[in-house]
Amino acid sequence: MSDQELLTHQLYINGQWRAPRQEQYDPAYDPATGQVLAHVAKANAEDTRDAIHAARTAFDSGPWPQMSPGERSRLLHQIVDALEARQGEIADLEMANGGCTWRKAYLMDIPVGLLHFRHFAKLAASEPLEAVPQITFPALSYNFVRREPIGVCGQIIPWNFPFLMAVWKIAPALAAGNCVVLKPASYTPLSALKLVEIIHDTGLLPPGVLNLITGPGGVVGNELCTSPLVDKIAFTGSTEVGRQIMQTAASTVKKVTLELGGKSPNIILDDAELDIAIDGSLWATFMHNGQACESGTRLFVPGSRYDEFMERLIDRASKIKLGLPADGNTDLGPLISASQLRTVENYIKVGLEEGATPALLGQHPTDPELAHGHYISPTIFTNVRNEMRIAQEEIFGPVLAVIKYDSLEDAIKQANDTIYGLAAGVWSASLERAIGVANKLRAGTVWINDYHIINAEAPFGGYKQSGVGRELGTWGLHAYTEVKHIHADLSRTRQARFWYDILLPQIGES
Ligand code: NAD
């Protein structure tokens, strides 16, 4: 396709598509081929302020925050219907722009994203009032709590699950009655743009309720984090940028939720059923090339079953097939970018220098069809010690660090010895033993005999430096609400008021 024929995407501000003020555009690439897929508006600080202003006006004087929960829920259900009807368009962009394989896009990312959107459409109808237990001291009063939207939410998302992360941000925010400025990652704006295009085409949202700004994180993100008109920042991305965001958002004391990095432990117990635990460990690590925050990239294997486990794990990992994302036979597509590939290659070098054994060493494919993509096959390091960099730092690529253990208590201790605490896996034939281990792990989600299963009804988020707050479930909705206590005194005379005898009895009646 010639450069002129490529689609050019504008900014979405106040219900309209609009060119960026400086008329600058960045290319969006296919990481499997290096081809340019489209041109995407590059917003500057002023464009971002326009979007914030639109969201502020929509919140302060538009109908969305005042709408009844039932009406908001009805409109959000209609939006999910529209997304479902065009889900193929979203899936195709997730493959082309995100390097997501056909099976993952069509069987997981898009249907799961729609399910999660539907979950929040349903929750939007929930009554925002909660009773408070009745009290008679200091006086008889009627008390209740009202959940209200926070206001304008700046939402910043990463490149690894572009559609799902956009849904996790906008669906709960809209369900609770907020107005939104969404900033997708620069590598992967296309499925979020499609999401907003489909919502725009429904005509269901009042102008300014949902705005989308594409552009560099340092400029757009910084404006969102410092603007006094933004009430909340919701960020998913690296721990490093999360730290900066917490600092910049502090100047206006914004509400902040952060979903950050991980280096999650995956613990095989000596009674685990190996067929499932071996494939489960491959799924835990190599799903989407390890480009998932909660990937089980530190694998703890008991000495008593080590040889058998490792032989089969390495054999099966070596059969994982790299290929073009759109090919239904592809297990793993490309990494997102040349720089991510360099990061992975560098960590492989670090692992070798640290003295770990490359039981399986990542290779670049020889297939000429893959020559222009950012491809590398899985690496498995054995003889890893937990203090090594390859066991402590988030690589975000297909690299597994295997740690052999003798005592389960020691494995749990090592599993917790990390700055992160996003997720963990435990594999055992005994649910009682597995729950005992899960209880001791310092992580926001623990999967038993499974991995990467995200439940719309359950909270997701991190302990320690993996984040602040939770997404999904009612926890995810409540993260987009302010809580107001309303107290109504029920006593009839002023003398019956609690405060009357404290301040006013000397004054007498008048
Ligand atoms: P990143 O931190 O580099 O970027 C995330 C987003 O922040 C992007 O949109 C980027 O443009 C923006 N950004 C960059 N600098 C900014 C700044 N100074 N101010 C404001 N915004 C800025 O992360 P990434 O490389 O896109 O994604 C990978 C990371 O995301 C990994 O660390 C992964 O663990 C994490 N992640 C976490 C979760 C979770 O739920 N915990 C989910 C997915 C990804």
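## A walk through the predicted model

Strand S8 (residues 152–156) pairs with S9 in the parallel sense, over five bridges. At one of these positions Ile 156 stands opposite Lys 183 in S9. The model that holds this pair is predicted.

Stay with strand S9 (residues 179–183). Five of its five residues are buried, so the strand is largely enclosed by the rest of the structure. In a regular strand the side chains alternate between the two faces of the sheet. S9 can be read that way, residue by residue. Cys 179, Val 181 and Lys 183 point one way. Val 180 and Leu 182 point the other way. All of them are buried, Lys 183 included.

Strand S11 (residues 232–236) and S12 are joined over five bridges, in the parallel sense. Thr 236 has Glu 259 of S12 as its bridge partner. Strand S12 (residues 255–259) is mostly covered, with four of its five residues buried.

Now step back to the whole protein. Its secondary structure comes to 16 helices and 21 strands. The radius of gyration is 25 Å, close to the 24 Å that the globule rule gives for 510 residues, so the protein is as compact as a globular protein of that length. The C-alpha trace spans about 90 × 60 × 40 Å along its principal axes. Of the 510 residues, 55% are buried.

Among the elements, helix H16 (residues 500–503) has the lowest mean pLDDT, at 91. Strand S10 (residues 210–212) has the highest, at 99.

Next comes a seven-stranded sheet. It is open, its pairing is mixed, and its order is S15-S16-S17-S14-S13-S18-S19. Which strands stand at its edges? They are strand S15 (357–360) and strand S19 (445–448). Each has a single partner strand, so one side of each is left without a neighbour in the sheet. Neighbouring strands here are turned by 25° against each other on average, direction ignored.

Inside this sheet, strand S13 (residues 265–268) and strand S14 (residues 298–302) run parallel, joined by three bridges. There Ile 267 stands opposite Phe 300 in S14. Two helices lie across parts of the sheet. Helix H11 (residues 338–354) lies across S15, strand S16 (379–382) and strand S17 (399–405). H11 runs at about 20° to S16. Helix H14 (residues 431–440) lies across S13, strand S18 (423–427) and S19. H14 runs at about 160° to S19.

Another open sheet has three strands. Its order is S6-S7-S21, and the pairing is antiparallel. Strand S6 (129–131) and strand S21 (481–489) are the edge strands, and each pairs on one side only. On average, neighbouring strands of this sheet are turned by 25° against each other, direction ignored. S6 and strand S7 (residues 141–149) run antiparallel and share three bridges. Glu 130 stands opposite Val 145 in S7.

Thr 48 is found in helix H1 (residues 45–61). Is Thr 48 buried or exposed? Its relative accessible area is 0%, under the 20% cut-off, so Thr 48 is buried. Beyond residues up to four places away in sequence, Thr 48 touches Ala 43, Ile 213, Val 220, Glu 223 and Leu 224.

Leu 274 belongs to helix H9 (residues 274–286). Its relative accessibility is 5%, so Leu 274 also counts as buried. Which residues does Leu 274 touch, not counting those up to four places away in sequence? They are Arg 305, Glu 308, Phe 309 and Arg 312. Leu 274 and Phe 309 are 35 residues apart along the chain, and their C-alpha atoms are separated by 6.9 Å.

Note on methods
Residues numbered from 1 in each chain as written. Predicted model: local features only at pLDDT ≥ 70, side-chain atom pairs only at ≥ 80, totals over all residues. Heavy atoms only, no water. Buried < 20%, exposed > 50% of the residue type's maximum accessible area, 1.4 Å probe, protein only. Contact = heavy atoms within 4.5 Å. Pairing = 2+ DSSP bridges. Axes fitted to C-alpha atoms, helices over the stretch in contact; angles between N-to-C directions. Rg over C-alpha atoms; globule rule 2.2 N^0.38 Å. pLDDT = per-residue confidence, 0-100.
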